[in-house]
Amino acid sequence: MKHSIITEAQIVKAIKEYEGGREFNDLCRELGVHKSTFYNWRKKYAGMDSQELKRLKEMEEENRKLKHMYAPEISF
């Protein structure tokens with residue numbers, strides 16, 4: 001899967017600009033993303049501030065570590 005060069009902080013900033021009245025097509029063009037990508041971002045990050053975003057990343061990292069600890073290793 002291709003990783004985006006756009007950070008979560010930039011995504012939250014773009015969503016806040018959109019909610020503030022900025023034109024949707026202009027935002028997508030400026031960020032270089034498809035409209036459906038922006039809708040997915042809105043679904044995931046809408047209403048977040050920087051503290052909540054930081055906590056989300058911490059929880060995702062903790063979840064990744066726990067999965068690695070407790071998931072059985074598959075080897076063929």
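Predicted model: local features only at pLDDT ≥ 70, side-chain atom pairs only at ≥ 80, totals over all residues.
Residues are numbered from 1 along each chain as its sequence is written, and side-chain values use heavy atoms, with hydrogens and water left out.

Let's begin with the fold. The chain has four helices and zero strands, and along the sequence the pattern reads α-α-α-α. Helices (H or I, at least four residues) and strands (E, at least two) are DSSP runs, numbered from the N terminus. Of the 76 residues in the chain, 18% count as buried; here buried means under 20% relative accessible area, exposed means over 50%, and partly exposed lies in between, with a 1.4 Å probe and protein chains only. The accessible surface of the chain is about 6,500 Å², and 53% of that belongs to carbon and sulfur atoms. These areas come from the Shrake-Rupley method with a 1.4 Å probe, and for residues only the protein chains shown count as cover. Contacts (heavy atoms within 4.5 Å) tell you how the chain folds back on itself: among those between residues at least 6 apart in sequence, 49% join residues at least 24 apart.

Now step inside. In soluble globular proteins, nonpolar side chains tend to be buried together. A nonpolar core here is a set of buried Ala, Val, Leu, Ile, Met, Phe, Trp, Tyr and Cys residues joined through side-chain atoms within 4.5 Å. The largest nonpolar core has 14 residues, of which Ile6, Ile11, Ile15, Phe38, Trp41, Tyr45 and Leu53 touch the most other members. Two or more residues of this core come from each of H1, helix H2 (24–31) and H3, and H1 gives the most, with four residues.

Next, the aromatic rings. A pair of aromatic rings is described by the distance of the centres and the angle of the planes. Rings of Phe, Tyr and Trp (its six-membered ring) pair if their centres lie within 6.5 Å; planes under 30 degrees apart count as stacked, over 60 as edge-to-face and the rest as tilted. The whole structure contains five aromatic pairs. In one of them, the ring centres of Tyr18 and Phe24 are 5.7 Å apart and the planes stand at 70°, so this pair is edge-to-face. Tyr18 is partly exposed, at 26% relative accessible area, whereas Phe24 is buried, at 11%. Tyr18 also pairs edge-to-face with Phe38, at 5.7 Å centre to centre and 75° between the planes. That pair links distant parts of the chain, 20 residues apart, with Tyr18 in helix H1 (residues 8–19) and Phe38 in helix H3 (residues 35–45). Phe38 counts as buried because its relative accessibility is 0%. Tyr18, Phe24, Phe38, Tyr39 and Trp41 form one aromatic cluster.

Charged side chains come next. Side chains of opposite charge can pair when their charged atoms come close. The structure holds nine salt bridges, each a side-chain nitrogen of Lys or Arg within 4 Å of a carboxyl oxygen of Asp or Glu. One of them joins Lys57 to Glu8 (3.3 Å, N to O). Lys57 in helix H4 and Glu8 in helix H1 are 49 residues apart, and the pair links distant parts of the chain. Lys57 also meets Glu60 in a salt bridge (3.1 Å, N to O). Glu60 and Lys57 are three residues apart in helix H4, so about one helical turn separates them. Glu8, Lys44, Lys57 and Glu60 are linked in a network of salt bridges. In helix H2, Arg29 and Asp26 are likewise three residues apart, about one helical turn, and they form a salt bridge with the closest N and O atoms 3.1 Å apart. Arg29 is exposed, at 60% relative accessible area, while Asp26 is partly exposed, at 34%.

Finally, look at the surface. Leu66, Met69 and Tyr70 form a nonpolar patch there, with about 370 Å² of accessible area together. Patches are made of residues with over 30% relative accessible area and no salt bridge; like charges are joined within 9 Å, and nonpolar side chains (Val, Leu, Ile, Met, Phe, Trp, Tyr) within 5 Å. Met69 lies in helix H4 (residues 50–70) and counts as exposed, at 56% relative accessibility.
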